[in-house]
Amino acid sequence: MTNRIQFGKSVIFFSNICIFTAIIFGGIGLFVLADTVMAEENIPQQAEDGTIELNAVMADIHNPVDGINAKLETYDGKPNIGYWADARTWIEWKVFIDTPGQFDVIAELAVNEPTSSFEVVIDDQIQTVSVSSTESYSHFSKVTLPQINIDQPGEHSLQIRPIMSKWNPINLRSITLIPIKHALNQETILEWVTQKCHPIYTFSCVDSALYASGDKLHLEIAISKSSYLSDRNSFSGDLYVLISLQDAFFFFNDQGQFLPFNPFSDTISSVFKYKTFENEPVGNIALLEYYFPEIINPLSLTFYAVLVKPDEHLTSETMTSNLSIHSINITKGINHEKLQHEISKLHIQPSDKALQNIMNYRMMSLSDSIKQGFSLILEEENEAILLQQQNMIRSIQIDGQLSDWENSGCIYEDNQNDTTPLNSSLPIEVYEPSDDLKRYGFIHGNDFMYCMVEPVTMPSEGTEYHYRINLLTPDNKLAYAIVWTSFRDVVQEWDTDSGTFIKYITTDDAVFAKKDVFEAKIPAEILYNLPQYYHIEAVVWHEYKNSLDVNWNPNLETSIETQYGYKYCLDVFCQYAEKMNLVPDDPFPIVQAITEGYIYKIAEDDIRPVIINDGLEMIKQAEQSMSYSFAGQKPLKELPIEALLSWADRSMMFGGYRYAGLSVLKSGQLNKDAYEFLVLHPSDLVTCRTMMDTHGLIDTQSLSNTMFNIEDWLWQKNKYRRYYIQTIIELYESNPEYWEVVYQESLEEHETGDVNIATVNGVDINKGSIFSASFEVNYLFQNSFFYGNCVDVTAIALAFHKAIGIPSIHFMYGLIADDYYKEIHSFPMYYSSQADTWFNYLNGGNNTGLGTYDVLYLIDRPQVGSNYQMFNKELPKGDSLVITTRTYPVRVSQSQWISINDDGYPMSELKKYMFNFITSSDTEFTSLETQ
C-alpha cells in the first residue's frame, strides 16, 4: 500500500466573489490523496479465444484515506477482495484489448446483505448493477452483469464503483470478459429462422435488389411466383427485412428505424416488422429507403428478406432455395437532403461553390468529430426534445381554459402584491394592496405565439376590463401588445418615435378566447418588427380602477421549438465555406462554427463579418497550437468533439456578463466595444505564446508540469482586486503584515479616484470586476501584472491553454454546509488525452476545512449555439444562485468532490452534461442524488 503525498506552494487570497483556502504547515500546503493498493504491472490481455479473466490479485484497490480499507483475503484457497465496507473504495483493472467487440461480463462474488448496487465503468460506458444475496460472504456465485462494448484496441480501464446510497459490502473474486461471437452468414440466418420463428413458419421473397441511388439506400423487394405460389395470384404475410451492417445485425421496421437484433438470444417480434400484406397481388414491389447519418465509408452490408406465413409449413431445404440474400458495397452513401434543407432556410444562401465545398467535406470526412459536428448543427441529438416541445405546443387549445397549459413549463407566476388601486373611501392618496394578476403563459413557436393571462378572479359579465401581454425590446421599449378588453381583442404595434400605437393588426389567423383565463394565438409573421431578442410583461391595466399590475419575464429568447439556435452555427459554417477550402477530416472548421454560433447569434450586424474573419483565424491558430506537442498526448485534431469545442470557445468567461451587472452589452446585443472587450481574439493566443516562451513555462515532456508552471506564474503576477475600500481596511486590520501593500495601494487609489481600468460603452470597468480573458491577457502583457482573483486567473489560463493546443473548461464551486451556501472558488480543468480525463490545478478546489459539506459545482460549457436563459435558485440563508443555459449544475458529496480534485474528472462524466438541455428542473439541486 502506498500513501501518495503531494506538496505545493500555498496561496491565500480573499474576495467577495472567491475565497481560496489552504491548510498551512510551516508555509507548506499538505494535500493527502487516497490510499491505493497497487496491482502488479503486467496488464491482463486476451486469451486466444478473446476471453480475459481479471482476478482479485490483478486489481488496483483505491481506498479513501480515512475509513475501513478493502484488501486481499482468501477463501477456499482463492484470493478475493474483502472488507469492502466503505462505499468510497473502488476497484480498477487495466486491460489490454487486441480484438475489440461486444463482451459478456461475468462476476464471481459473494453478498451477505439482500442487495448491493454498483457501477461497471469502462471507457465512456457506465452500467448500473444490482446483485442479490448469495447467502453469505463465503458463498461465491457467478453473476452475469450487463454486456459491454469495447470498440478500440489498446489499453482500457475497467472499474467497479459503489453506488453510495445502495451499497452493501461484497467480496469480489474475479471479473471475466467473454467475447460475443456473431457469425453473420446465410447459415446463421437459416438456423435462426428455423429455431426462433417456430411455430410461425417462413419463406422468403425473391427477385430483390439493394442499391444506392443519389443520397439514399434503396431496397426493392418483389414477390414473384415460385413453387410455393404456383397456384396463387396473391399472398399474405408479414415481411421482415434483416440487414448485416458493419458486423452488426439489424431489423428495419415500419417506422424507418434500424433496430439492433441478436439472432442468438432474441425471438422475432412485431416491433421489427416492416410491412404486412393481405391478399397482395404477386409481383407488387415493396420499396424501402434509408439514410445513414453516421455512415462509414466504404460501407458493406448484406440484406435478407423473409416473409412470415403462419399457414405454411416449409422445410429448411425450401427456405434455403427461397431466402433472398443480396450484398452491396457503397463508397458514398451519405444523405445530403437534410443538410441542404436546413441551408435553404438560411437568410443568406451560400454560393454553389461553397455548397459543393460543404458537401465534399461532409462526404469525404471519416472523422467522428466531424460526424458529430454535423449531427449537432442539424439538431439530430435534440430531435426528441424538439418533438416533445412541438407536441406540447400542438396540445395548446385556444379555448379560454387553463388545463392544457399546466404541464407546458411556460407559466410564470405573479407572486408580488404589486397593484395600487385608489380607495376613494380612505383619505386622499391612500392606497390599499390588491393583486389582479395571478400568472401568465407565453410560448413562441415557429409559426405562432401562444399567450395566456390568468387573473385572480375573471371579470364578471358587463364589467370593464383590460388585460394585455406587452412584447418589449431589450432596452424595455414597447414593440407590440396583445390585448384583451371588454370591448375589443386586438394586436397593437407601438411606434417608439411618436410614443403611440400606430395601428391595430387584425388577421383571420389570430384567435382570442376567454373563459377561465384569457388566451390568444397570434401568427408570428405579422409581428415583423419584433426584434430577435425581446422580453415580455403581463399587465392588468384598469385606468378606471386606477390600477396597474405588472409581471415581466426577461429571459425569453427565440422560439421554444428551436431552443439551441444551431442555425446560427450553420450560417457561420457556410460563410467559412465561402472563404476557405474545407479539407476532409480537419475538424476545426465545423467545431469553430459551432462555438462561434452563440457570439454570432447575439452580435450586431456590423461586427458579424469581423466574427467570421476571427473564426477563420482561429482555425489557423489551431494548426499553430499543435506545434506544441506534449509527451503522451494526442494531437489536438484527434481529440473528441467535447474537448475540441472547449478549445474553440472564445467566449470563455463571456457567459457571466449576461447576468453579472456589468452593462457592457448595448441593448442586449453584442456591439463592437463589447466584442473587443469580452471575446478572446486570435491575436491574443500569439500574445500568450510570447509570454509563455519568454518565461519558460512550457515543459513538452510533462503536460502536468506545464499546467502547474502556468498557474504558479499567473498567481505571482496577480494583484488583489480593489473595489470596496472598507473590505480592504477590514482585511488589513485582520492581518496588517500580509495586507500592508494592498492596503497602501488601495488608499492611494481611493483618494485619487484611480479605481477604473477600462471603459466599455460608457461603463467604467473597475479593478474589482474584470474577468475578461482578452482584456486580462493584454493587460498582463503590457504591465507585467493583472488585477483579479481566481476567476481572472482562470480567464487568462484558459487562453494560455488554447495557445498550446490544450482544451480546458471553467469550473466554479460552492459549499453547502449546515444551513448556508458559500461560493468558494473558480478554476480551470485541463484535458489530458493520455488519461482521457480533465485535471485540476494544484491550487484549484482544495478542501476548505469547513467540516462535513456537499459541493455544488457549475461546469461552464462551450456555448454551442445555445439559447440563453437564467434560472434563480434560492439557497440556504437566503443566498441566490443564478444558473444559465451555459452552466450545468451538479451536486456531489464531500468525498466525491475530493475524488474529482485528486483523481480528475473523467471525460465520460463531462459527456453527460456537455449537450444537455438546461431546464428549471436542473436547478432543483436537492432532488439530485447526494451521497
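A contact here means heavy atoms within 4.5 Å. Among contacts in the chain between residues at least 6 apart in sequence, those joining residues at least 24 apart make up 71%. The model is a predicted one, in which local features need pLDDT of at least 70 and side-chain atom pairs count only at pLDDT 80 or more, while totals for chains, interfaces and linings use all residues. Residues are numbered from 1 along each chain as its sequence is written, and side-chain values use heavy atoms, with hydrogens and water left out.

The chain holds 19 helices and 48 strands, these being DSSP runs numbered from the N terminus (helices H or I with at least four residues, strands E with at least two). Of its 931 residues, 54% are buried, that is, under 20% relative accessible area with a 1.4 Å probe and protein chains only, as against over 50% for exposed and partly exposed in between. The accessible surface comes to about 40,900 Å², and 48% of this belongs to carbon and sulfur atoms.

Strand β29 (residues 466–472) has 7 of its 7 residues buried, so it is largely enclosed by the rest of the structure. In a regular strand the side chains alternate between the two faces of the sheet. In β29, H466, R468, N470 and L472 point one way while Y467, I469 and L471 point the other way, and all are buried. β29 pairs with strand β30 (residues 478–485) in the antiparallel sense over 7 bridges, where pairing requires that DSSP find at least two bridges between the strands; I482 of β30 is the bridge partner of I469.

Elsewhere, an open sheet is formed by 5 strands in the order β26-β27-β28-β34-β33, with antiparallel pairing. β26 (411–413) and β33 (511–514) stand at the edges with a single partner strand each, so one side of each is left without a neighbour in the sheet. Within this order, β27 (residues 437–444) and β28 (residues 448–455) pair in the antiparallel sense over 7 bridges, and Y440 stands opposite V453 in β28.

Which residues make the contact between helices α5 and α10? The axes of α5 (residues 368–377) and α10 (residues 641–648) come within 10 Å and cross at roughly 70 degrees; the two helices are therefore roughly perpendicular to each other, a term covering angles of 65 to 115 degrees. The contact is made by S369, Q372, G373 and L376 of α5 together with I641, E642, L644 and L645 of α10.

Conventions
Axes are lines fitted to C-alpha atoms, for helices over the stretch in contact, and angles run from 0 to 180 degrees between N-to-C directions. Angles under 35 degrees count as roughly parallel, over 145 as roughly antiparallel, 65 to 115 as roughly perpendicular and the rest as oblique. Accessible areas come from the Shrake-Rupley method with a 1.4 Å probe; for residues, only the protein chains shown count as cover.
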